[in-house]
Amino acid sequence: EFQNGDLCGQIQRNLIMQQYIYNPLLINNRKMDFRIYLLIASTNPLIAYYHDGYAKVSLLPYDTSSTKKETLITNTGFEYYLEEAEKGNYILGMNEKELKLAHFWSLERIQEYLLSVGKIKDPNWLDNYLRPTFKKAMIHMIRATSKPFLKRSQLYELIGIDFMLDDDLNVWIIEANPRPRLE
């Protein structure tokens, strides 16, 4: 319908949809996704910046038959676990520092992991594939939504965009969150 991106921003009806990713990329048998940042620094002229975020790796093993949301959604339950760990309790055998290290991964750490398990071969995979793919998706998102922007040079917006990889390393947009939490 969008002719491989050529019609992004030209089709004027609003759609909300999300496809279930049946074959998510797993890290140590855990589901993961990325939080990447987009700063729209001006809407006249339109100026946008990309910034690496981080990967969120679920603390529980992925299990499609489980009724625990924590096995299917990477950020569900983490706040509770972190609060308990901050009180000095061990959660899943981890203290607060270990819990954060298990849950939050840098993009470079994801690349190192994928290289170590043979999922990728290119030691520059982040710069050659992942970051350009994130940036291209963000450009399409901006083009698809920018028509109603109020055109002002002093307007800006920070957006946290969540992406997922499937087991074939295809990138999927999960959601975009204006004014994301930064702590």
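A: Let's start with what counts as an element: helices (H or I, at least four residues) and strands (E, at least two) are DSSP runs, numbered from the N terminus. Before we go further, this is a predicted model, where local features need pLDDT of at least 70 and side-chain atom pairs count only at pLDDT 80 or more, while totals for chains, interfaces and linings use all residues. Residues are numbered from 1 along each chain as its sequence is written, and side-chain values use heavy atoms, with hydrogens and water left out.

The chain has four helices and six strands, and from the N terminus on they come in the order β-β-β-α-α-β-α-α-β-β. Along the principal axes, the C-alpha atoms fill a box of roughly 50 × 35 × 35 Å. Of the 183 residues, 36% are buried. Here "buried" means under 20% relative accessible area, "exposed" means over 50%, and "partly exposed" is in between (1.4 Å probe, protein chains only).

The part I'd pick is helix 1, which covers residues 78-86. Its buried residues are Phe-78, Tyr-81, Leu-82, Glu-84 and Ala-85. They sit on the same side of helix 1, because they cover an arc of only 160 degrees around the axis. That arc is the one made by the directions from the helix axis to the C-beta atoms. What do these buried residues pack against? Their partners are helix 2 (96-103) and strand 4 (104-105).

With 17% relative accessibility, Glu-84 counts as buried. If we skip its neighbours within four places in sequence, Glu-84 is in contact with Asn-89 and Ile-91. "Contact" means heavy atoms within 4.5 Å.

Now for the partner helix. Two packed helices are described by the angle between their axes and the distance between the axes. Helix 1 and helix 2 pack at about 155 degrees, with their axes 9 Å apart, which makes the two helices roughly antiparallel. The label comes from cut-offs: angles under 35 degrees are roughly parallel, over 145 roughly antiparallel, 65 to 115 roughly perpendicular, and the rest oblique. The axes themselves are lines fitted to C-alpha atoms, for helices over the stretch in contact, and angles run from 0 to 180 degrees between N-to-C directions.

Who touches whom? Helix 1 brings Phe-78, Tyr-81, Leu-82, Ala-85 and Glu-86 to the contact, and helix 2 brings Glu-96, Leu-99, Lys-100 and His-103. Sorted by class, this contact has five nonpolar, one polar and three charged residues. For that sorting, Ala, Val, Leu, Ile, Met, Phe, Trp, Tyr, Cys and Pro count as nonpolar, Asp, Glu, Lys and Arg as charged, and the others, Gly among them, as polar.

With a relative accessible area of 44%, Leu-92 is partly exposed. Elsewhere, Arg-179 has a positive phi too, near 50 degrees, and is again a residue other than glycine. Arg-179 belongs to the segment after strand 6 (171-178) and is exposed, with a relative accessible area of 62%.

To put our helix pair in context, look at another one. Helix 3 (residues 107-116) and helix 4 (residues 125-145) pack at about 125 degrees, with axes 11 Å apart, which makes helix 3 oblique to helix 4. The contact is made by Leu-107, Glu-108, Gln-111 and Leu-114 from helix 3, together with Trp-125, Leu-126, Arg-131 and Phe-134 from helix 4. Those residues divide into five nonpolar, one polar and two charged.
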